[in-house]
Amino acid sequence: MTQSTVAAPSDAVLDREETISRDELEALQLSRLQHTVAYAYDRVPLYKRKFDEAGVHPTDLRELSDLGKFPFTTKEDLRLEYPFGMFAVPQSEVARIHASSGTTGRATVVGYTKKDLADWAKLVARSLRASGVRPGMKVHNAYGYGLFTGGMGAHAGAEALGCTVIPISGGQTERQITLIQDFQPDAILATPTYLLTIADAMMKQGIDPASTSLKYAVLGAEPWTEEMRHELEVTMNLKACDIYGLSEVMGPGVAGEAVETQDGSHIWEDHFRPEIIDAFDPTKVLGDGEPGELVFTSLTKEALPIIRYRTKDLTRLLPGTARPAHRRMGRITGRSDDMIILRGVNLFPSQIEEIALRIPELSPHFQLELTRPEGQRMDQLTVKIERRESVTVEGTTAAARTLQQQIKIHVGSSCTVDVVEPGSLERSNGKLRRIYDLRPKG
């Protein structure tokens, strides 16, 4: 296999907001931010209460840096206001409701007015266009539909761009492959691990994943590495770009990566004001280039304005490139609530992925198991990872030792590596679970 030979299309017509200067953009941000903060204070009881308790008022926001005076919003706030306490408009003006799965607690509920839905579709369309998708292309949408924002958000954006949408949703991998072969789509929308699942299933059927019609993949909903991008691009002969979003802020399309640079997602700052804070001392707002937790304030949302929402995603802000006025997100290293603290060392699944994919004998399919053996006080980490089909069991001994050593060197923690048979670990049908905490409870 060789590096992807797909070229980036060059006929995109950009929105005016994608081409304005940084000064113009920040002036627009300030105007919209002042409106949003006052709007939320007047219409959402939670914000009036939080602002009053913090001793701040919307009139205190005179320049962009003043945003740091205002309190954060957290997922717990949305759960406490379940179901509709965060809505700033009457129920009759809410055109659609989405919600999280609620697997880690009470679901978080978000609402959209008709204008919100139009803005959302526009921003997803902008993100898809940046990633190489063009009007008239067929788009295979393998994000999950339903209350999850991914499927319908991506669908509406692709339609707004002028694409033909194939709304397959997640799962049914065999059918996904049949439709890709029969319908000949130009682009696919999915999580990176599910696209990997599709590629693996194709190979098991004797289909070369690089032989399909797919030229572009727009992937999101979970952190992924440059090594994973390389794996997918080489295996499927396409260009793979990131799309970022989260339900509480809007859904997919908060930021999108440009296919010509593939250097991180540009945040659409005409609609969202990003900040980076110190994850361990949130009173500290960090400068561009410094790693920390990503925080978002919406600038145009009507049904559910969001002020300084703590995403738990760990990244940094970088200068814009393909869209110079709009800052980029560095690759997300993980989520603060996905961080494993192992014997005092912070560890993220993405670090394991990055190291493992540099070892030719090992596949991208792995799980992390945390255990605490009986009678011991120290936690143990086992990395279960599949060998590649072309590698024998005997050929993995050195690879396992290399992975173990590289984790010790680059992460700073000891672990056990268990190389398992190809196809033996759980496959993604959407968001993949990487961490299995088997430690005794309590």
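## A walk through the fold

In the protein chain, 66% of the contacts with a separation of 6 or more are between residues 24 or more positions apart. Keep in mind as you look around that this is a predicted model. The chain holds 10 helices and 22 strands. Its radius of gyration is 22 Å, close to the 22 Å that the globule rule gives for 442 residues, so the chain is as compact as a globular protein of that length. Along the principal axes, the C-alpha atoms fill a box of roughly 70 × 60 × 40 Å, and 56% of the 442 residues count as buried.

Now zoom in on helix 6, residues 173-183. Its buried residues are Thr-173, Gln-176, Ile-177, Leu-179 and Ile-180. These cover an arc of only 165° around the axis, which puts them on the same side of helix 6. If you're wondering about the spacing, an α-helix has 3.6 residues a turn, so residues three or four places apart point the same way. What do the buried residues of helix 6 pack against? Their partners are strand 3 (138-141), strand 5 (187-190) and helix 7 (192-204).

In the loop between strand 4 (164-166) and helix 6 sits Ser-169, which has a positive phi of about 70° although it isn't a glycine. With 19% relative accessibility, Ser-169 counts as buried, the cut-off being under 20%. After helix 6 comes Gln-184, again with a positive phi, near 55°.

Helix 7 leads us on to helix 8 (residues 226-236): the two pack at an angle of about 35°, with their axes 11 Å apart. The crossing is left-handed. On the helix 7 side, the contact is made by Pro-192, Thr-193, Leu-195, Leu-196, Ala-199, Met-202 and Met-203, while helix 8 brings Met-228, Glu-231, Leu-232, Thr-235 and Met-236. Sorted by class, that's 9 nonpolar, 2 polar and 1 charged residues.

Step off helix 8 and you're in the loop to strand 7 (239-246), where you'll find Asn-237. Asn-237 isn't a glycine, yet its phi is positive, about 50°. At 22% relative accessibility, Asn-237 counts as partly exposed.

Two more stops. In helix 9 (residues 349-356), 6 of the 8 residues are buried, so this helix is largely enclosed by the rest of the structure. The buried ones are Pro-349, Ser-350, Ile-352, Glu-353, Ile-355 and Ala-356. Finally, head back to the loop between helix 3 (75-80) and strand 1 (96-99), which holds Pro-83. The peptide bond from Tyr-82 to Pro-83 is cis, with omega near 0°.

Definitions and conventions
Residues are numbered from 1 along each chain as its sequence is written. This is a predicted model: local features need pLDDT of at least 70, side-chain atom pairs count only at pLDDT 80 or more; totals for chains, interfaces and linings use all residues. Side-chain values use heavy atoms; hydrogens and water are left out. Buried means under 20% relative accessible area, exposed over 50%, partly exposed in between (1.4 Å probe, protein chains only). Helices (H or I, at least four residues) and strands (E, at least two) are DSSP runs, numbered from the N terminus. The arc is that of the directions from the helix axis to the C-beta atoms. Contact means heavy atoms within 4.5 Å. Axes are lines fitted to C-alpha atoms, for helices over the stretch in contact, and angles run from 0 to 180 degrees between N-to-C directions. A crossing is left-handed if the near helix is turned anticlockwise from the far one by less than a right angle, and right-handed if clockwise. Ala, Val, Leu, Ile, Met, Phe, Trp, Tyr, Cys and Pro count as nonpolar, Asp, Glu, Lys and Arg as charged, and the others, Gly among them, as polar. The radius of gyration is taken over C-alpha atoms; the globule rule is 2.2 Å times the number of residues to the power 0.38.
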